[in-house]
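Student: I have a new model open on my screen. Could you show me how to read it?

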Amino acid sequence: AQQQAFVQALEELDLQQVQRLLTDGLSLNFIETEKGPVISVWSDGLFKWWEAICEAYEAGAPLSEQEKQETLAVHLDILEQLIHGKANLHLWDTEEIYGPLWDAASAACAPAVKRLLDEKVDPNTKDEDGLTILSSISDLFFDCEFDEINWAEALAEEKQTLELLRQHGAKMTKELEKLALNANNFIVKDATNRIINEIKELDQ
């Protein structure tokens, strides 16, 4: 019953109820059958925040920075409660290979992305298509790779989010693949050199 009440509190953005249940000792290491781990339920609310911002842009009446921050505040406050309650920020959705950092980035929520990065969530995890978060979100927003983005077409939130990921070491898929290839080449070269040295020692 407590778990169901907690999920409902997350969905309703009921910060006081979230705090009350955590104070009562509720463990956050549970996965709701249909909605996944608690961090995924929180992420769903963040998508609604982003949808409202996008709708305002499309209507030609964008929200002010103050309005954005005011509506975002409760989401960030709940995230703090989840972190304090030791929610697993690295646990991915039960059905999709996406984690909370991908979710926050796809909602173009730079403050949430930064908070998760501060908690050492890996910015270079890959999705079910083998894409890194940076490549996947770039494709989601602009249908291209990060280094091909025309920033003149980007919304402020999209640019802030992607640049924040980049500043914290997020790499494009092709960059990670190149690093992996270089590492493999180094291992092969190192092993070859050792074999050559061993043969030389035997010959002596």
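Tutor: Happy to; we will go from the overall fold to a few single residues. Keep in mind that this is a predicted model.

Student: How many helices and strands are in the protein chain?

Tutor: The protein chain has nine helices and two strands. Following the sequence, the order is α-α-β-β-α-α-α-α-α-α-α.

Student: What share of the residues is buried?

Tutor: Of the 204 residues in the protein chain, 39% are buried. As for the accessible surface, the total is about 11,800 Å², with 49% belonging to carbon and sulfur atoms.

Student: Which residues gather in a patch of negative charge on the surface?

Tutor: They are Glu128, Asp129, Asp139 and Asp143. Take Glu128: this residue sits in the loop between helix 6 (110-118) and helix 7 (133-142). Its relative accessible area is 49%, so Glu128 is partly exposed.

Student: And Asp143, where is that found?

Tutor: Asp143 belongs to the loop between helix 7 and helix 8 (156-167). With a relative accessibility of 66%, Asp143 counts as exposed. Look at its backbone too: phi is positive, about 60°, although Asp143 is not a glycine.

Student: Now Ala108: is that residue buried or exposed?

Tutor: Ala108 is buried, because its relative accessibility is 2% and buried means under 20%. Ala108 lies in the loop between helix 5 (100-106) and helix 6. Ala108 is not a glycine, yet has a positive phi of about 50°.

Definitions and conventions: Residues are numbered from 1 along each chain as its sequence is written. This is a predicted model: local features need pLDDT of at least 70, side-chain atom pairs count only at pLDDT 80 or more; totals for chains, interfaces and linings use all residues. Side-chain values use heavy atoms; hydrogens and water are left out. Helices (H or I, at least four residues) and strands (E, at least two) are DSSP runs, numbered from the N terminus. Buried means under 20% relative accessible area, exposed over 50%, partly exposed in between (1.4 Å probe, protein chains only). Accessible areas come from the Shrake-Rupley method with a 1.4 Å probe; for residues, only the protein chains shown count as cover. Patches are made of residues with over 30% relative accessible area and no salt bridge: like charges are joined within 9 Å, nonpolar side chains (Val, Leu, Ile, Met, Phe, Trp, Tyr) within 5 Å. A salt bridge is a side-chain nitrogen of Lys or Arg within 4 Å of a carboxyl oxygen of Asp or Glu. Lys and Arg count as positive and Asp and Glu as negative; His and the chain ends are not counted. The place of a charge is taken as NZ of Lys, CZ of Arg, CG of Asp or CD of Glu.
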